[in-house]
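Me: I would like to learn how to read a model of this kind, feature by feature, with the general idea ahead of the particular case. Could we take it slowly?

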Amino acid sequence: MDDDTPEEIFAELKTRPIGGWGVAQIGAGTGLAVYAMWVGILQPGFRKVPLRLQVPYIPASKVQVQNVMTLLRGRKGGLVDLGSGDGRIVLEAHQHGFSPAVGYELNPWLVQLARFHAWRAGHHEKVSYRREDLWKVDLTKCKNVTVFLAPSVLSLLQEKLQAELPDDALVVTGRFPLPDWKPCRVEGQGVERAWAYSMQAQRQNVFGSKLP
Ligand SMILES: C[S@@+](CC[C@H](N)C(=O)[O-])C[C@H]1O[C@@H](n2cnc3c(N)ncnc32)[C@H](O)[C@@H]1O
């Protein structure tokens, strides 16, 4: 064995069966590496959020952002983006006249990236990105809300929006619609699609349909 060349050792390893223990070690090692990457890089700050509410970062495309802005046309005042990622929707909303424009994001890397983008665009004093759990944000004074989250959390989000938003609020969702609400407008096609929901119409639908 001492005289074996690296090629011979490698050839021997290739032909030797790995065995159950080896498979378990590889499995555990891979699992640990994936978990470390998920917790450390992809989802830091999410440790206290239940797994079923963890939504990964996927940025909205340019078309998607434009569709969201089209649905917000004619609206004024403040805007919040729940799960703001790298801040693109908030920045665009500010450029369309929304003020204050605020993004809530749990991932600290993304909060820093969003601030960097705002600084590079010369608007860092006009927009804000807060490292907060969107489920704990008080929405009672929000008039314009944008959301691009996973379908698995949208039922729960409906309840929060229904309980907290004022009647004159407008909610715009990207990529996925709210499962039980009726949109007042839809913009775009396929994965670029966005839906707008009037809070007042939504409440009338819910309460109106319960009348005898
Ligand atoms: C699909 S991405 C959308 C990002 C951005 N709004 C956009 O359209 O480009 C969803 C974002 O929500 C963030 N997020 C998920 N759960 C959150 C929570 N509980 N509180 C704050 N941010 C959250 C994720 O980190 C991720 O950046």
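Me: Where is the place of Gln64, and which residues is Gln64 in contact with once its neighbours within four places in sequence are left aside?

Reply: Bear in mind throughout that this is a predicted model. The place of Gln64 is in helix 3, and, leaving aside the neighbours within four places in sequence, Gln64 is in contact with Gly174, Arg175, Glu192 and Ala194. In sequence Gln64 and Arg193 are 129 residues apart, yet in space their C-alpha atoms are 6.6 Å apart.

Me: Is Gln64 buried or exposed, and why?

Reply: The reasoning is a count of neighbours, in which a residue is buried if 20 or more other C-beta atoms lie within 10 Å of its own. Gln64 has 21 other C-beta atoms within 10 Å, and therefore it is buried.

Me: How does Gln66 count by that reasoning, and how far apart in space are Gln66 and Gly188?

Reply: Gln66 also has its place in helix 3, but Gln66 counts as partly exposed because it has 16 C-beta neighbours inside 10 Å. From C-alpha to C-alpha, Gln66 and Gly188 are 9.3 Å apart in space, while 122 residues separate them in sequence.

Me: How should I describe the way in which two helices pack?

Reply: Two packed helices are described by two quantities, namely the angle between their axes and the distance between those axes. In this model helix 3 (residues 62-71) and helix 4 (residues 88-95) pack at an angle of about 45 degrees, and their axes are 10 Å apart. That angle makes helix 3 oblique to helix 4, and the crossing of the two helices is right-handed.

Me: Which residues of helix 3 and helix 4 meet, and how do the residues of this contact divide?

Reply: From helix 3, Val65, Val68 and Met69 meet Arg88, Ile89 and Glu92 of helix 4. The residues of this contact divide into 4 nonpolar, no polar and 2 charged.

Me: What is to be said of the peptide bond from Ser99 to Pro100, and where is Pro100 found?

Reply: The peptide bond from Ser99 to Pro100 is cis, with omega near -5 degrees. Pro100 is found in the loop between helix 4 and strand 2 (101-104). Pro100 is also touched by Ser128, as is Val102, when residues up to four places away in sequence are not counted.

Me: Where is Ser128 found, and how does Ser128 count by its C-beta neighbours?

Reply: Ser128 is found in strand 3 (residues 127-130), and with 19 C-beta neighbours inside 10 Å it counts as partly exposed. The C-alpha atoms of Ser128 and Val90 are separated by 8.3 Å, although the two residues are 38 residues apart along the chain.

Me: Where is Leu165 found, and which residues is Leu165 in contact with beyond its neighbours within four places in sequence?

Reply: Leu165 is found in the loop between helix 6 (151-164) and strand 5. Leaving those sequence neighbours aside, Leu165 is in contact with Leu139, Cys142, Val145 and Met199. Leu165 is buried because 23 other C-beta atoms lie within 10 Å.

Me: How many residues surround the ligand, and which are the closest?

Reply: The ligand is surrounded by 23 residues, of which the closest are Tyr57, Ala60, Gly83, Gly85 and Leu134. The residues of this shell divide into 14 nonpolar, 5 polar and 4 charged.

Me: What does the secondary structure of the protein come to, and what percentage of its residues is buried?

Reply: The secondary structure comes to 7 helices and 7 strands, which run from the N terminus as α-α-α-β-α-β-α-β-β-α-β-β-β-α. Buried residues make up 31% of the 212 residues in the protein. Among contacts between residues at least 6 apart in sequence, 65% join residues at least 24 apart.

Key
Residues are numbered from 1 along each chain as its sequence is written. This is a predicted model: local features need pLDDT of at least 70, side-chain atom pairs count only at pLDDT 80 or more; totals for chains, interfaces and linings use all residues. Axes are lines fitted to C-alpha atoms, for helices over the stretch in contact, and angles run from 0 to 180 degrees between N-to-C directions. Helices (H or I, at least four residues) and strands (E, at least two) are DSSP runs, numbered from the N terminus. Angles under 35 degrees count as roughly parallel, over 145 as roughly antiparallel, 65 to 115 as roughly perpendicular and the rest as oblique. A crossing is left-handed if the near helix is turned anticlockwise from the far one by less than a right angle, and right-handed if clockwise. Two residues are in contact if their C-beta atoms, placed from the backbone, lie within 7 Å. Ala, Val, Leu, Ile, Met, Phe, Trp, Tyr, Cys and Pro count as nonpolar, Asp, Glu, Lys and Arg as charged, and the others, Gly among them, as polar. A residue is near a molecule or strand if its C-beta atom, placed from the backbone, lies within 6 Å of it. A residue is buried if 20 or more other C-beta atoms lie within 10 Å of its own, exposed if 12 or fewer, and partly exposed in between; C-beta atoms are placed from the backbone.
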